[in-house]
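Please read the following report alongside the sequence and the coordinates.

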Amino acid sequence: MIAEIKADSEERMKKSAAALEDEFNRLRTGRASAALVDKIQVSYYGAATPLNQVASISVPEARLIVIQPWDKNVLPEIEKAIQKSELNLNPNNDGKVIRINIPALTEERRKELVKGAKASAENARVAVRNIRRDAIDKLKKEQKNGELTEDELKAAETDMQTLTDKYIGEVNKILDAKEKEIMEI
């Protein structure tokens, strides 16, 4: 039972760290990234479709994203979807591909982004700690039911704390990397 609770908790903690990383991939920095636009929904023959399913997205330069649709008829829809997105990017449509120049961020905007990233990281750390609390509550219930001894409970709590420390360290590492990326000019 202890192994099941620990495995479930580790899986959930891993998902929390992965969700933070995914959120950070969509965060706009001064550098171009395909992840920045691939979740944008495009109206494709009446159906909302992720951009990465209707076009190839490439990053030929540090501040340029090139979107080449597989169907040329969808170019205007892609352009509209990018303009409507919260990214505040201005696409250039040349009839074959869409180019998006990523402007450099101001110092003030970079600091705002870092502040937001820190808040997201704190949310991820809270999620990891909540998972630990849930697991320890389950373990205490098992001990109350007589399925665990006091020593097994203490050992399991120590294991859960070690696991929590590992994933909080992972979250901090993800945050440090993103903060460094945002602050570089």
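Is alanine 32 buried or exposed? At 9% relative accessibility, alanine 32 counts as buried, where buried means under 20% relative accessible area, exposed means over 50%, and partly exposed lies in between, computed with a 1.4 Å probe on protein chains only. The model is a predicted one, in which local features need pLDDT of at least 70 and side-chain atom pairs count only at pLDDT 80 or more, while totals for chains, interfaces and linings use all residues. Residues are numbered from 1 along each chain as its sequence is written, and side-chain values use heavy atoms, with hydrogens and water left out.

**Alanine 32 and its surroundings**

Alanine 32 is placed in the loop between α1 and β1 (41-44); helices (H or I, at least four residues) and strands (E, at least two) are DSSP runs numbered from the N terminus. Leaving aside neighbours within four places in sequence, alanine 32 is in contact with Val59, Glu61, Ala62, Arg63, Leu64, Ile65 and Ile102, contact meaning heavy atoms within 4.5 Å. Between alanine 32 and glutamate 108, which are 76 residues apart in sequence, the C-alpha to C-alpha distance is 19 Å.

**Packing of the helices**

Helix α1 (residues 2-25) and helix α3 (residues 107-144) have axes that come within 10 Å and cross at roughly 170°. Such axes are lines fitted to C-alpha atoms, for helices over the stretch in contact, and the angles run from 0 to 180 degrees between N-to-C directions. The two helices α1 and α3 are therefore roughly antiparallel to each other, given that angles under 35 degrees count as roughly parallel, over 145 as roughly antiparallel, 65 to 115 as roughly perpendicular and the rest as oblique. On the α1 side the contact includes Ile2, Ile5, Arg12, Met13, Leu20 and Phe24, and on the α3 side it includes Ala117, Ala121, Val128, Ile131, Arg132 and Leu139. By class, this contact of α1 with α3 has 13 nonpolar, three polar and six charged residues; here Ala, Val, Leu, Ile, Met, Phe, Trp, Tyr, Cys and Pro count as nonpolar, Asp, Glu, Lys and Arg as charged, and the others, Gly among them, as polar.

Helix α3 also packs with helix α4 (residues 150-183), their axes coming within 10 Å and crossing at roughly 170°, and α3 and α4 are therefore roughly antiparallel to each other. The residues of the contact of α3 with α4 divide into 18 nonpolar, four polar and 11 charged. Between α1 and α4 the packing angle is about 10°, with the axes 10 Å apart, and that makes α1 roughly parallel to α4. The contact of α1 with α4 has 12 nonpolar, two polar and nine charged residues.

Arginine 110 has its place in helix α3 and is buried, with a relative accessible area of 6%. The side chain of arginine 110 makes a polar contact with the side chain of glutamate 107 at 2.8 Å; a polar contact is a pair of N or O atoms within 3.5 Å, of which, within protein, one must be able to donate a hydrogen and the other to accept it, and residues adjacent in sequence count only if both atoms are side-chain atoms. In helix α4, glutamate 157 is in contact with Ile136 and Lys140, leaving aside neighbours within four places in sequence. Alanine 155 lies in helix α4 as well, and the C-alpha atoms of alanine 155 and tyrosine 45 are 58 Å apart in space and 110 residues apart in sequence.

Tyrosine 45 lies in the loop between β1 and β2 (47-50) and has a positive phi of about 55° although it is not a glycine. Most residues other than glycine have a negative phi. Lysine 96 lies in the loop between β5 (91-93) and β6 (98-101) and, not counting residues up to four places away in sequence, touches Gln68, Pro69, Lys72 and Leu75.

Accessibility of further residues is listed here.

| Residue | Relative accessible area | Class |
|---|---|---|
| Glutamate 157 | 17% | buried |
| Tyrosine 44 | 27% | partly exposed |
| Alanine 155 | 43% | partly exposed |
| Lysine 96 | 58% | exposed |
| Tyrosine 45 | 65% | exposed |
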